[in-house]
Amino acid sequence: MGKKVKKEVEPPPKDVFDPLTIESKTAATAVLMLRSPEEEVLAKACDALYKFASKGDENKVTLLGLGAVEHLYKLISHDDPIVRRNAIMVFGIMASNHDVKKLLRELDVTNSLISQLTPEEDVIIHEFATLCLAHMAVEYTSKVRIFEQGGLEPLIRLLGSPDPDVKKNSVECIYLLVQDFQSRAAVRALNVIPPLLELLKSEYPVIQLLALKTLEVISKDRESRIILGENKGLDCLLKILETNEVSDLHVEALAVLGNCLEDVYTLQLIQQTGGLKKLLSFVGGSTVPDIQKNAAKAITKAAYDSENRKILNEEEVEKCLTSLLEMCNDEVKVAACQAVSAMCDNVASKHACGLQGIPQLVQLLSSDNEEVKEAAVTALANLTAASPSNASAVAEAEGFGPLVNTLNAQRDGAVANAAAVLTDLATHEPFRVTIQSCGVMSALAEPLRSTNSLVQSKAASAVAAFACDADARTELRNAGGLGPLVELLHSNNEEVRRNVCCAVMVCASDEPTAVELCRLGALNIIEGINLSTGRKNNFSEAALEKLLDNNLSQKYSQKGYLSSSNIITDGFYDCGQIKPGVKFLSLEELSMQELTDRRAIIFINAKAQENLAVEEKAQDSAYELAVLSPSVSRKSSKERSRKGKGKKEEEKSKEVIQITSKIQAEINLENSHWQPPADFILLDYINDASRTILPLTTNREQVVTLAQFVAEKMGGPIERDKLHDFSWELHISEIEFELKCNVVPIGKVKKGTFCHRALLFKVIADRIGIGCSLVRGEYNRAWNEVELVDDSPQGIAGLLLPPQEYI
C-alpha cells in the first residue's frame, strides 16, 4: 500500500493585518481615528463625529477641546470624496459655535471651502461648505476673506442649484456678505439680481425671505434699483404685496420697494404702471405696524428729492400719512410724522398736510412717548414755517397750550422745534397775545439754560419774537429768564450769539428790563463782542444801542452824550464819567453809600410822592391809577389834609382811607423796589417853564428863554473871570452834608456850574418838547445842542431851510 501524502497549509504574509472591528464609545477615540491612513476608517470616524456634534453645542465644544478641528481641516481636501464629504459635514455643523469659528478663522479654512464649490462636486459637499461659509460670514474678517478669495461667484452660481438647502445656505451667505459696500458692487457686476428674483418663486418661505432681505440691501444702490426695474422686479414685488397667502413676506417686500421709491426713474416707473397707487392703497388698508412704519420711512426717503415729492403729491400721499398718524403704534406715528416733515418742502403737499394732519399732530403733543412728541412738533415746525394758513390751523386745533407745554419736554429736539413753531406763530399778533397768556415767557426760561446749542438758539429766537410786548418782558424778568439769556452772550456758537443779541435788543425796549440786563452784565459783554470782528453782528450793535437808550444814566456815564431822542425821565442820575471796567452802580446802591468828598450824584425825580397821588384819587373817588397832574403842589395837598371837621367830613375821611389802602396796595405791588425821594422844586421848575416858554412862537425864543430860566435857577449869569468866586462846590457839599447822602436832587442845587445847568436844561427841554442833546466835556463842563430853524431869507417867501445845530 502506498503512503498518503500530507499537504501543508501556507501561512499568511507576515505584513498583512487581519481585519479588526472596533466598537468605540468615546469621542476621543473617534478623534484619534482621524489620524488613520485608511479612507474607510476616516470616513466612519467623520460620520460618527458628525452625529455627535449634531446633538448639541456642548458636544461641539468637546470636539474642539479634543483637537478635532485641526485634523478635520486636513481632511476637507482629502483625495477620497467620501472622506472629504464627511469632513466638510462635520465642519458645517460645528461652525455654528463661536469658539469653533474663531479657530476656523485662524486656520483660514475659507479658501479650502470655496474650492469645494465647483460644479462637479457632490451636492452634499455644496450644502455643508456653504453652511460653514454662512456661519463664518457673520464676522467681518471672514467676509473680507471670502470676498478677496473669490467666494461670491460660486455662491451666486449655486443660487441655481436644484437642492433647496444649497440655495438657502448660498443666499444667506450672500446676504451677510453684501452688508459690506464692496460686496454690493461686486454682486451687481456678477448679475445677482435675476437669480434672486427667481428665488422669490421658491416654495420655501425661508428662501424667499432671505432673497428679499438680500434685495433690500443691494437695492440701496441706485444702479441696482435700475437693474431691478429692468428685470421686472418691481412687478414681482407688487405681486407679493397683493398675495395674502404670503403675508409674512409683505414687510420685506415693502422694504425693497421703499428703497426703489428713492429713485426718480424707478418711482416714475412704478407710477406709470399704477403700482404707486396700489402701494399707497395697500399701506392705508394694512393693520400690520411694521408695514405701516416701513411704508412711512420709504416715503420719507423718497421725499428727499423734489421730483419725488411732486409725484407723491400727485398720488395724494398726504391722505395715507394722515391715516397713519391716527394709528395706535408709537413707531408708526413717529415714522408718519417724519414723512410729513419731509413732504413739507413741497408747497402743495405742505398745504394738504396742514389741512388734514395738524389736528392729529397737535393731539400727539400730549403723548407720553417723548419720541412721538418730538416727531410731532418737528412736523408742526415744518408745516407752520412761512405758512399763515397752517398757523391758523394750529390755532383752530387749540395747539398753543400744548406747544408751550412742549417747551418742558425731555428731548432737546422737541424743545427746539416747539420754540421754532411758537416763533412762527408769534408773527401773527392775535396769536402772540394768546400764546403770551399761556405763560410762554416763563416756559422759555428753562430752555435758555439748556446746554444744547440748537435749543439755546431757538429759545432765544422765541424770546425775541414775544418780548415786543411789555407784559412778556415783565414775565420773563420775573421768571428769572434774563440771567441765562445774558449768560448765552458768552456762547461760541455764532447763531446762538446772534439770536441772543437780537433777544437782548428786543428785551431792552423798556427801562426796567434794560436796567436789569445791564445789572447782569449784558452791556459789558456786548461791548466786548463788538470789539471782536469775528464775534460781532448786526444785532450786537443794535442791542448795545438799545440797552443804552433805555438806560440813559449808564449811557451818559459811559458815552458822555444823550441825543435829542434820548428823553430824560424820572429816575435818571448823573454820577459822572465812569472808567472802563468799573461796575455801574444803581441809584439805590449809591444812596446807601457813606458820605464822601467825591463828586455828588445828581438825580432827577420830578414827580410827587405816591401818597399824594393816592390821596388825590381817593378824594375824587377814583379806583384806578393815573398820572398825577404836574400842577399838584405840597400846598394843595396840605389844604386837603386839613379838611374834615364834622360828621360828613369824618365819614368821607374813612372812605378816603379805605380807597387809599386799596390803591396803595396796588402801588406797592407795582413799585415794590426802592424809590428815590420826590424833587418838588424841579416839579415847580417844569410847571413854571411850561407856562412861560410854551406860548412863545419861535423855536429860537423858546431856547433862549429856557436858557435864561435855567441860568436864573442855577445862580444867574457868571462872567468867565469870576468863575473862581462862584464857589458852587462848597454849596453842593453843604447840600450833601444836610442830606447825609452823596445823592442830591437837582432842584436843591442853587449854584450850578456847566454840568448842572446843561442837565437841567435838557430835563426841562425834554418835558416841554424842545429837541435837545446833552454833551459832557472835561473839567465839569457840559453843553446842550439844539437845532434851530431860521426864518426864510429876505425876498424868498415860504422857503423852509433845514434846521441848523446851535450850542
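**Close-up 1. Ser-727 in the loop between helix H44 (699-713) and helix H45 (728-739).** The model is predicted. Phi of Ser-727 is near 50 degrees, a positive value, although the residue is not glycine. Most residues other than glycine have a negative phi. Ser-727 has a relative accessible area of 30% and is therefore partly exposed.

**Close-up 2. Asn-191 in the loop between helix H12 (181-189) and helix H13 (193-199).** Asn-191, again not a glycine, has a positive phi of about 60 degrees. Its relative accessibility is 44%, so Asn-191 counts as partly exposed.

**Close-up 3. The second largest pocket, with a volume of about 890 Å³.** The lining holds 24 residues. Ala-707, Ala-711, Phe-754, Arg-757 and Asn-784 lie nearest the centre of the pocket. H44, helix H46 (754-768) and strand S6 (782-788) are the elements that give two or more residues to the lining. H44 supplies the largest share, six residues. By type, the lining divides into 17 nonpolar, four polar and three charged residues.

**Close-up 4. Leu-489 in the largest nonpolar core.** This core has 192 residues, and Leu-489 and Leu-547 touch the most other members. Residues up to four places away in sequence aside, Leu-489 touches Arg-497, Val-500, Cys-501, Val-504, Ala-522, Ile-525, Ile-526, Ile-529 and Arg-535. A second, separate core has 41 residues, including Ile-602, Ala-606, Ala-782 and Val-786.

Note on methods. Residues are numbered from 1 along each chain as its sequence is written. This is a predicted model: local features need pLDDT of at least 70, side-chain atom pairs count only at pLDDT 80 or more; totals for chains, interfaces and linings use all residues. Side-chain values use heavy atoms; hydrogens and water are left out. Helices (H or I, at least four residues) and strands (E, at least two) are DSSP runs, numbered from the N terminus. Buried means under 20% relative accessible area, exposed over 50%, partly exposed in between (1.4 Å probe, protein chains only). A nonpolar core is a set of buried Ala, Val, Leu, Ile, Met, Phe, Trp, Tyr and Cys residues joined through side-chain atoms within 4.5 Å. Contact means heavy atoms within 4.5 Å. On a 1 Å grid over the protein atoms alone, a cavity is a set of points where a 1.4 Å probe fits but cannot get out, and a pocket is an open set with protein on both sides within 12 Å along at least five of seven lines; lining residues have an atom within 4 Å of a point. Grid points are joined across faces, edges and corners, and a volume is the space filled by probe spheres set on the points. Ala, Val, Leu, Ile, Met, Phe, Trp, Tyr, Cys and Pro count as nonpolar, Asp, Glu, Lys and Arg as charged, and the others, Gly among them, as polar.
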